[in-house]
Amino acid sequence: GPEELRLTAGSLFDIAVNTEGGPSPEFICANVALFGERGLVETPREYRVVPVGAMRVGVTAVVGASVWNRLGLSTDQIDYANEPPAVALERVLPQMTTGDDPPDVLVLLSHCDVDESRELGGRFPQFDIIVTAGGPEDGRLEPEPIGRAWMIQVGRKGKHVGVIGIFPDDPSNRFRFELVDVDRNRFQRSPEIQELMRAYQDRLEQEYVGLQDIEFPAPNGARYVGVESCAECHTRAY
């Protein structure tokens with residue numbers, strides 16, 4: 001996700017090339033380059049073509065202006081280079097779709113607000129699936145059609161996973177979608193995450209007194225209401 005851009009280009013490069021303890025993550029983004037120059041390092045890749053059964057799925061990603069601005073990042077201050085998503089997609093799409101074995105399905109991971117994603121879907125009808133950031137916290141149960149494409153909103157805070165089924169032999173119903181709750185009935189607890197939460201709570205307990213003295217001003221002038229106000233609805237958590 002785009003929040004990782006806050007880690008700086010050097011940190012992202014170190015993560016991408018570190019192979020100790022298993023494979024490192026592969027960053028995909030068509031319109032952001034590390035260290036201010038595309039091609040200087042191998043990450044992020046502009047796109048990938050992933051085999052899924054007998055099919056090939058082409059995947060690319062972009063970070064929109066709305067998200068870039070929300071992060072407060074400026075190319076004058078940090079070691080990234082970025083270009084408008086549409087400019088990047090005009091360059092990358094021909095690379096993805098040419099050759100002897102082009103992808104059967106094209107997917108855009110759109111780190112943009114919903115309106116930007118909708119506009120990109122209309123401008124680039126080659127995509128079959130557009131997964132957009134933004135939108136409601138709990139996502140949308142049904143895809144939004146944009147031409148022949150589907151725009152998927154899976155929501156925020158990791159509450160849901162979007163599952164897309166591909167049925168190439170059913171041209172009238174080629175894709176099927178389900179928004180799956182990340183609940184304890186289908187997903188087991190992770191001991192690693194539990195340990196991280198325990199360490200976080202221990203540290204919070206140790207540093208809580210000092211944190212109480214720090215008040216970060218909100219850009220819109222809003223003020224903190226305190227935990228007692230939250231407790232009126234969130235009684236159990238309180």
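Helices (H or I, at least four residues) and strands (E, at least two) are DSSP runs, numbered from the N terminus. Over the protein, the mean pLDDT is 86, with 92% of residues reaching 70 or more.

Residues are numbered from 1 along each chain as its sequence is written. In this predicted model, local features need pLDDT of at least 70 and side-chain atom pairs count only at pLDDT 80 or more, while totals for chains, interfaces and linings use all residues; side-chain values use heavy atoms, with hydrogens and water left out.

Next, select H1. Its buried residues (under 20% relative accessible area, 1.4 Å probe, protein chains only) are Ala9, Leu12 and Ala16. Viewed down the axis of H1, these fall within an arc of 65° (taken from the directions from the helix axis to the C-beta atoms), so they line one face of the helix. Strand S1 (32-34) and strand S4 (80-82) are included in what covers them, by contact (heavy atoms within 4.5 Å).

Now select strand S3 (residues 55-63). Eight of its nine residues are buried, so S3 is largely enclosed by the rest of the structure.

Val50 stands opposite Val57 in S3. Two residues lie between the strands of this hairpin, where Gly53 takes a positive phi near 60°.

Finally, show strand S5 (residues 105-111), which runs parallel to S3 and is joined to S3 by seven bridges. Here Val59 stands opposite Val107 in S5.

Key: pLDDT = per-residue confidence, 0-100. Buried < 20%, exposed > 50% of the residue type's maximum accessible area, 1.4 Å probe, protein only. Pairing = 2+ DSSP bridges.
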